[in-house]
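Reader: Could you take me through one part of this model up close? I'm new to this, and I'd like to see who touches whom.

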Amino acid sequence: MQQNSFDLGKTVEEAIDKALKARGICNILIAGKTGVGKSTLINAVFQGDFATTGQGRPVTKETRKITKPGIPLAIYDTRGLEIKEFKETFTELENFIKNENSNTEPERHIHVAWLCISEESRRVEDAEIELCKLLSNYMPVIGVITKSSSDNGFRNDVQKLLPLSKNIMRINSLSQTLDDGHIIKPSGLQDLVDITMEAIPEGQQNAFVASQKISMKQKKNKAHGIVAVAVTASLGAGASPIPFSDAFILVPIQATMLAGITAVFGLDLNKSFLIALISATVTGAGATVLGKTIFTNLIKLIPGAGTIVGGAISAATAGALTTAFGEAYIATLSALTKEKVISDITNDEILKEFKDRFKRKNEK
Ligand SMILES: Nc1nc2c(ncn2[C@@H]2O[C@H](COP(=O)(O)OP(=O)(O)OP(=O)(O)O)[C@@H](O)[C@H]2O)c(=O)[nH]1
Ligand SMILES: [Mg+2]
């Protein structure tokens, strides 16, 4: 009989590190005249009342960098388009962007810009045309028509005046009651989030997906990708010729997967929660879903047991186990985000839903 000491706490710490590294950071520049609705848009799209409660620090005279702990996003909030000497403002901004975007570290780059123009103004200023040209040299620019209620050909005009923009989106961040009592609901945010996702580099997509709160579909898609990677790794672990080592290899893979899914949903990544989650997969799920043998092997990974004693599991079983845990976790988070906004979901609720989900499956 072979024994291996196994430190679940350390495994989870490493999984969290890996997940955070893989997620990275996304940087978005949002420009527009005062009052066009930049802050309102930021709060409507991103988690945690980002524009209101985030920390802002000036990076140029007219640009603030906004960040918030736990959210892998930086917003560069740029004004100054309305001032007469905008050329001077733009030179300063361009120097700043040039410096950031030539950094060897992609996480420093500004990955996409939203250039906001209010539909109420029905006018595109010279400064906006100039700024679109300038930004397009460094990043994809998406034109955003804010406070949209009736187009009347304005989108077409904007498209002609900003030919370098990747797209022109019409959005409305708030509910709005018109003079005739007609109510306009928030609109266009889903499309804006989807177009933005297409515009940003692959390496920043998980960070964007985690930070936004509009598209659960984007979160699910990225999470499925994380499961697929973990399943491939598990097949290798199951095929390992060294007896007793399967579970030993499998748990870190699954820990990294569960941490990765948590990260891409934009949930808080804390160690004790992930330990509880992994323990739930082993004790609650493994025992009944995939049979006593695996359970006997995996249970020994739980703190208190401390050692692995067990036999080999097949590649297929290893893959099935990882798929089952990953998909159940995605289903859990999807179900909960239908009922609540992500930031209001507690770790306890996740754990309960996750365990119940397995219980229900086994009773069928
Ligand atoms: N109806 C409607 N009102 C909006 C919308 N977006 C913003 N507003 C309103 O417009 C006003 C200005 O919005 P902000 O989000 O503060 O504008 P801003 O671009 O951040 O302004 P500065 O920070 O001064 O540059 C606020 O009263 C918002 O409630 C929208 O989509 N629809
Ligand atoms: Mg603002």
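Author: Let's begin with leucine 115. Leaving out residues up to four places away in sequence, Leu115 touches Ala31, Gly32, Glu128, Leu131, Cys132, Leu135, Val141, Gly143, Val144 and Ser165 (touching means C-beta atoms, placed from the backbone, within 7 Å). Keep in mind that this is a predicted model, where local features need pLDDT of at least 70, side-chain atom pairs count only at 80 or more, and totals for chains, interfaces and linings use all residues. Residues count from 1 along each chain as its sequence is written, while chains are lettered from A and ligands numbered from 1 in the order written.

Now zoom out a bit. Leu115 is among the residues with the most contacts inside the largest nonpolar core, along with Ala113 and Leu274. That core has 89 residues (a core joins buried Ala, Val, Leu, Ile, Met, Phe, Trp, Tyr and Cys through C-beta atoms within 7 Å, buried meaning 20 or more other C-beta atoms within 10 Å). Its largest share, 11 residues, comes from helix α10, residues 246–265 (a DSSP run of H or I, at least four residues; strands are E, at least two).

β3 (residues 55–58) and β4 (residues 63–68) run antiparallel, joined by four bridges (pairing takes at least two DSSP bridges). They make a hairpin with four residues between them. You can follow the pairs across: glycine 56 stands opposite isoleucine 66 in β4, and proline 58 stands opposite arginine 64 in β4.

β4 has another partner: six bridges join β4 to β5 (residues 71–78), again antiparallel. The hairpin of β4 and β5 has two residues between its strands, and in it glycine 70 takes a positive phi near 90°.

Definitions and conventions:
A residue is buried if 20 or more other C-beta atoms lie within 10 Å of its own, exposed if 12 or fewer, and partly exposed in between; C-beta atoms are placed from the backbone. Two residues are in contact if their C-beta atoms, placed from the backbone, lie within 7 Å.
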